[in-house]
Amino acid sequence: PDRFWVAEACIFDGTMQVSNKDGTKDFLISYKDYLYDPIFPELSGTVQPVYWTDDSKFIYFIVTQEQWNDGGYLALDSFAPLLCRINIKTGEIKTILFGTVYYSFSPNSKKLITVQESENPINVVISDLGTESYETIVPDNNSIYSQAARVIWSLDGSKFVFVAAFGGEYGDEI
């Protein structure tokens, strides 16, 4: 957001490079730091930037496991993305969240909302990214809804919306 930094993902080697505009700071983050297993070298991964905070202090990124196959790659369903953040002043990396695909940052970059699937009923977790405290909300005690997707905050940060469903692959009722 301050236009002094750039984050680039390289799918070919599973890295993300974060550099400042004048070239004096450069961080290279590799999937191998999180998931590489020398016993299974064919399993690879990617690191993708997903969100800059408004103050340009942090960049959030996901690490996803993949497998190369005949020139293409497939995301492995058995590994949900790992959400991390890097402090671009210090290079310190912190793991934020593991095991969910659906999350949304609040408009002021201070909160993160996640929807936990396969819970009856669905749980929504609102985390304070500064204090690391969290609150779990059960929006609907109707136990038929065990899947959820596409969570997003309102522009003023006072509300959120998500898609709730039940049945196989979001197919029976939404």
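Begin by selecting glutamine 48, which is partly exposed, with a relative accessible area of 24%; buried means under 20% relative accessible area, exposed over 50%, and partly exposed in between, with a 1.4 Å probe and protein chains only. This is a predicted model, in which local features need pLDDT of at least 70 and side-chain atom pairs count only at pLDDT 80 or more, while totals for chains, interfaces and linings use all residues. Residues are numbered from 1 along each chain as its sequence is written, and side-chain values use heavy atoms, with hydrogens and water left out.

**Around glutamine 48**

Glutamine 48 belongs to strand β4; strands (E, at least two residues) and helices (H or I, at least four) are DSSP runs, numbered from the N terminus. With neighbours within four places in sequence set aside, glutamine 48 is in contact (heavy atoms within 4.5 Å) with Ala9, Ile11, Met16, Tyr60, Phe61 and Ile62.

**The whole chain**

Now display the entire protein as a cartoon. The protein has 14 strands and zero helices. Of its 174 residues, 39% are buried. Among contacts with a separation of 6 or more, 36% join residues 24 or more positions apart.

**The largest nonpolar core**

Next, select Met16, Val18, Val47, Phe61, Val63 and Ile86, which touch the most other members of the 16-residue largest nonpolar core. Such a core is a set of buried Ala, Val, Leu, Ile, Met, Phe, Trp, Tyr and Cys residues joined through side-chain atoms within 4.5 Å. Two or more residues of this core come from each of β1 (5-10), β2 (15-20), β3 (26-30), β5 (58-69) and β7 (82-87). In soluble globular proteins, nonpolar side chains tend to be buried together.

Centre the view on isoleucine 86. Residues up to four places away in sequence aside, isoleucine 86 touches Phe27, Ile29, Lys57, Phe58, Ile59, Phe61, Gly91, Glu92 and Ile93.

**Aromatic rings**

Show the side chains of Phe, Tyr and Trp. The structure holds eight aromatic pairs. Rings of Phe, Tyr and Trp (its six-membered ring) pair if their centres lie within 6.5 Å; planes under 30 degrees apart count as stacked, over 60 as edge-to-face and the rest as tilted.

One of these pairs is tryptophan 5 with phenylalanine 27, which is stacked, at 6.4 Å centre to centre and 10° between the planes. The pair links distant parts of the chain, since tryptophan 5 is in strand β1 and phenylalanine 27 in strand β3, 22 residues apart. Both tryptophan 5 and phenylalanine 27 are buried.

Move to tyrosine 34 and phenylalanine 61, whose ring centres are 6.4 Å apart and whose planes stand at 65°, so the pair is edge-to-face. Because tyrosine 34 lies in the loop between β3 and β4 (43-52) and phenylalanine 61 in strand β5, the pair ties together parts 27 residues apart in sequence. Tyrosine 34 is partly exposed at 27% relative accessible area, whereas phenylalanine 61 is buried at 0%.

Then select Tyr51, Tyr60, Tyr103 and Phe105, which form one aromatic cluster. Another stop is arginine 85, which lies over the face of phenylalanine 58, at 4.2 Å from the ring centre; a charge sits over a ring if NZ of Lys or CZ of Arg is within 6 Å of the ring centre and within 35 degrees of the ring normal.

**Isoleucine 113**

Select isoleucine 113 in strand β10 (residues 111-116). Isoleucine 113 is buried, with a relative accessible area of 0%. Valine 125 is 12 residues away in sequence from isoleucine 113, and their C-alpha atoms are 5.7 Å apart. Apart from residues up to four places away in sequence, isoleucine 113 touches Tyr102, Tyr103, Ser104, Val124, Val125, Ile126, Val151, Trp153 and Phe160.

**Cysteines and backbone**

Select cysteine 10, partly exposed at 34% relative accessibility, and cysteine 84, buried at 0%. A search of the whole structure finds zero disulfides, a disulfide being a pair of cysteine sulfur atoms within 2.5 Å.

Finish with two backbone positions. Serine 109, in the loop between β9 (103-105) and β10, has a positive phi near 65° and is buried at 11% relative accessibility. Glutamate 132, in the loop between β11 (123-128) and β12 (134-137), also has a positive phi near 65°. Most residues other than glycine have a negative phi.
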